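Please look over the sequence and the model shown here before reading on. The report is meant for someone meeting this structure for the first time.

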Amino acid sequence: MKTHSTKQALAAALSGERRDGRTVGFVPTMGALHAGHVSLLERARADNDVVVASIFVNPLQFGPSDDFARYPRDLEADAALAAEAGVDHLFAPEVAEMYPRGSIATRVDVGPIGDVGEGAWRPGFFAGVATVCCKLFHIVGPDRAYFGQKDAQQLAVIRQLVADLDLPVEIVGCPTVREHDGLALSSRNAYLEQEARRAAPALAAALMAARDAAAGGEGSAAELRWIVEACLEAEPGIHLQYVDLFDPVTFSPQERLDGRGVLAAAAYVGGTRLIDNVEVVATVSAVQQRELAAEPATGAGAGIERGAAVHAGAGMKRGAA
Ligand code: AMP
């Protein structure tokens, strides 16, 4: 594996590969690599002749009170992991290489998808992500680029970016890799101290409880939110910031589950902000049940027993998050 810190060096290395007609798979990351990143690298390795990974902590996507300065960085360990996963070229530029004038004036405007979910809490975040990915796609020129479902809204933003701007790259989404206790792997998990690490899996467990309820027939976003809130009420170590049901493609917030959706949440565990999401799927029978429930004579039978969620959350206020 070769590590490149400049665009020119990477371009020179890749031009030979392209001349030979080899396909290029690309995995953009911010480093502090873990098994979630490795799953993307391995998928890229399996699909392509050449694998390029980037490590760049992109200041454009951090707000003034975000953790840009203290974001974990360990290029040596990352390079070893990337080489082991079969990466051919690692692009690890300094900020000055990507933003020679300190920053850049041009931003990709991602539209309404950037204002909901994560975007509602992190203004400008998705513009920063889309802008740096646009730059990286131009620098690397990959045939395929790999993104994790762990950041489902980011994946939707990137798919929209590529479609809207006709970028010649195929976007491949990869499943979320989790710890044995359900916690989604994240570079930010390194911030978790012992008590926070103990509490953290409750976020995934709450989302999965709501996912199961959806599979069992619950189609109301308010009820699914309530199930997550109620589960987390039992875990004082977690403060839920938001949980919402989104369309998996447009990420527009949904009031009812219609087919497939993404239930996404952010929570503070200790001082660390974690995000997670699950795909929720309404079973055909659940949709049929709802249709039947819409008819007055059978209305009482639809959905799961709401009492279960109310019971679990006894004593908490609705919408407390
Ligand atoms: P990051 O370094 O956090 O910017 O992540 C780089 C890529 O790895 C993104 O496409 C993420 O969605 C993906 N990723 C991060 N964590 C996981 C995980 N637990 N499972 C799968 N992919 C992940």
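What follows describes the surroundings of the ligand, a pocket and a cavity.

## Basis of the model

This is a predicted model, in which local features need pLDDT of at least 70 and side-chain atom pairs count only at pLDDT 80 or more, while totals for chains, interfaces and linings use all residues. Residues are numbered from 1 along each chain as its sequence is written, and side-chain values use heavy atoms, with hydrogens and water left out.

## Around the ligand

An oxygen atom of the ligand lies 2.6 Å from a polar side-chain atom of Asp151. A polar backbone atom of Val177 is 2.8 Å from a nitrogen atom of the ligand, and a polar backbone atom of Leu185 is 2.9 Å from a nitrogen atom of the ligand. The protein buries 92% of the 480 Å² that the ligand exposes when taken alone, with areas from the Shrake-Rupley method and a 1.4 Å probe.

## The second largest pocket

A pocket is an open set of points, on a 1 Å grid over the protein atoms alone, with protein on both sides within 12 Å along at least five of seven lines, whereas a cavity is a set of points where a 1.4 Å probe fits but cannot get out; lining residues have an atom within 4 Å of a point. Sixteen residues line the second largest pocket, and Ile55, Val57, Arg73, Pro93 and Glu94 lie nearest its centre. This lining divides into 11 nonpolar, one polar and four charged residues.

## The largest cavity

Among the residues that line the largest cavity are Leu183, Ala184, Asn189 and Asp276. The lining of this cavity takes at least two residues from each of α9 (201-215) and β9 (272-281), and its largest share, three residues, comes from β9. Seven nonpolar, two polar and one charged residues make up the lining of the largest cavity.

Definitions and conventions:
A polar contact is a pair of N or O atoms within 3.5 Å; within protein, one must be able to donate a hydrogen and the other to accept it, and residues adjacent in sequence count only if both atoms are side-chain atoms. Ala, Val, Leu, Ile, Met, Phe, Trp, Tyr, Cys and Pro count as nonpolar, Asp, Glu, Lys and Arg as charged, and the others, Gly among them, as polar. Helices (H or I, at least four residues) and strands (E, at least two) are DSSP runs, numbered from the N terminus.
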